[in-house]
Amino acid sequence: MPDRRLLFLAGLFAVSCGLYLLWGLQGRIWFILELRGIKLAGLCVVGAAIGIATVLFQTLSGNRILTPAIMGFDALFLLMQTSVVFFLGGFNYAGLPGPFLFAMNTVVMVCAAVLLFGALFRRSRNDIQLMILVGVIFGLLFRSLTGFMQRLIDPSEFAIVQGTMFASFGGINRTELIAASILLGMLSIWVWRQLPLLDVMALGRGPARHLGVDYDRHQFQLLCAIAAFVAISTALVGPITFLGLLVSALAHALMRTHRHVHLLPAAALIAIIILVLGQGAFERLMRLQSTLAVVIEFVGGLLFLVLLAKGKIR
Amino acid sequence: MISVNGLSHTIGPAKILDDINLQIAPGGVTALIGPNGAGKSTLLSVVSRQVPAQSGEVSLDGADMKRIDHAALALRMAVVAQDVGVASRLRIRDLVGFGRWPHAKGKPSPKDADIVAQALAQFDLTALADRFLDEVSGGQRQRAFVAMAYAQDTDWLLLDEPLNNLDLRHARRLMSELRNLAQNAGKSILIVLHDLNYAISWADHIIALKDGRVAFAGETQDVMTSRTLSALYETDVSVMAKDGKTFVWHHN
């Protein structure tokens, strides 16, 4: 039987989707519904990717403060995208078909993450503190390199890159969305098959190895999966730094369990609900007079601080 | 039988283990003793394959430990390490339940639940079973980790200073349960001990390490003498007998 709290989240998810689709619906109804439907699908894919990636990452790092964003995963993605524009030229880049672009960005991202973090793991296996330090430095390095390349390319090419630099659900490409959904689906099925194993890995390397888990191999696979999840969300809408931290804290506080079979769906649902409600409020209450990131980080940040102060998050 | 042949281990500039050769016989309690920094914990973590052997070889029943599959090893050897920090919010019952992972692989049967319940009862944890691990005392947490290894139900059980944080009632109960497991269930137990009185009362065999080398090893009553222990710790230690019980006097 599904957990009561998960059912509650599913209900909230359905309500917020309905609200988003139907609120203030007038004029050419089908046209508007189609537009909103695409955006809603984008929000769902991004929310699920961010929620799952963050919980997985925190399971690996044994820490509730670290997120892929802090380790420089999304900065790496932006760097990869900028360097592709830099080396191919903006005209060639914009001429490439959407799904191909998405696939290329994702593959480059996973390869770069595997090369960098794989090398890091071989040198300093399981020294998570060193990893965090390196991650923070990597993030800074990636952002600086990205900024440097963006200053070198000409303004029209910069405009192409700029679109990916800030979180925006305005222009989700339909073919990109389909490619992202398929990838998300495949990854989720893979993660689903690892669920009990993830519970053991959350014990940490030592205890998990004593229980017969080939920790290093699984850690490597999970890092690849996390890189792909981050690629999905960053490719579709750009970096949303704070959301992952908020979502995983809420999922842990609400579910109060170590079991990923409950944590992962909860994190995915919470992320989607926050994104859908945030985007709805942003479009209809604020009339697009801000950015979604500001809405989410302001409201989400307040909620996070309140929960932290009340001791609900630990 | 665990055999250690020519094992050496260095951490940075320090030689922690220096050409160790040992046979640890199955079926009995073997205590590892020695002063601080003698290499007891390092030896235990190399034998439990937590740390790979740098030079030399460790074998379990004749098979090189390096070649034993992770999952297969977990069915033969359970380990209780020193102060394990667990990040996830776990209830004690769930932690002990993880001891069944090598057998059940995430699909626990009623039999596994029975074994977990028995392990909880054995280590006096039934009343605490639904408490979170970060909401109990250090000694209770320590017992939960021992119960988890117990639930793993392996032929070999390796424990690194399990008496840390335990009060005398639970320390004595743990040692007597280990002795019971060795005598009646045919388990083999390797345990790092600091308290010589527990070692002399409960262990069948003693391995004493000093400066990364084996100082002495053998049957407890043969090797635990005032002379050997005083030399081992470079401190006056007297082994005494009173009312048929042996104890070690070293406090003053």
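Me: What share of chain A counts as buried?
Reply: Of its 314 residues, 54% are buried, meaning under 20% relative accessible area, with exposed over 50% and partly exposed in between (1.4 Å probe, protein chains only). This is a predicted model, where local features need pLDDT of at least 70, side-chain atom pairs count only at pLDDT 80 or more, and totals for chains, interfaces and linings use all residues. Residues are numbered from 1 along each chain as its sequence is written, chains are lettered from A and ligands numbered from 1 in the order in which they are written, and side-chain values use heavy atoms, with hydrogens and water left out.

Me: How many helices and strands in chain A?
Reply: Chain A has 14 helices and zero strands. Both are DSSP runs numbered from the N terminus: helices are H or I with at least four residues, strands are E with at least two.

Me: And its contacts, what part is between residues 24 or more positions apart?
Reply: Those pairs make up 76% of the chain A contacts with a separation of 6 or more. Contact means heavy atoms within 4.5 Å.

Me: How much accessible surface does chain A have?
Reply: About 14,300 Å², and 69% of that belongs to carbon and sulfur atoms. Areas come from the Shrake-Rupley method with a 1.4 Å probe; for residues, only the protein chains shown count as cover.

Me: Switching to chain B. How many helices and strands there?
Reply: Chain B has ten helices and twelve strands. Of its 252 residues, 50% count as buried.

Me: Why does the radius of gyration of chain B agree with a compact globule?
Reply: Because a compact globule of 252 residues would be near 18 Å, and chain B has 18 Å. The radius is taken over C-alpha atoms, and the globule rule is 2.2 Å times the number of residues to the power 0.38. The C-alpha trace spans about 50 × 45 × 35 Å along the principal axes of chain B.

Me: Now B:Ser188. Buried or exposed?
Reply: B:Ser188 is buried, at a relative accessible area of 3%. The residue lies in strand β8 of chain B, residues 188-192.

Me: Which backbone nitrogen does the B:Ser188 side chain reach?
Reply: That of B:Gly27, at 2.9 Å.

Me: Which residues does B:Ser188 touch?
Reply: Leaving out residues up to four places away in sequence, B:Ser188 touches B:Pro26, B:Gly27, B:Gly28, B:Asp155, B:Trp156 and B:Leu157.

How values were computed: A polar contact is a pair of N or O atoms within 3.5 Å; within protein, one must be able to donate a hydrogen and the other to accept it, and residues adjacent in sequence count only if both atoms are side-chain atoms.
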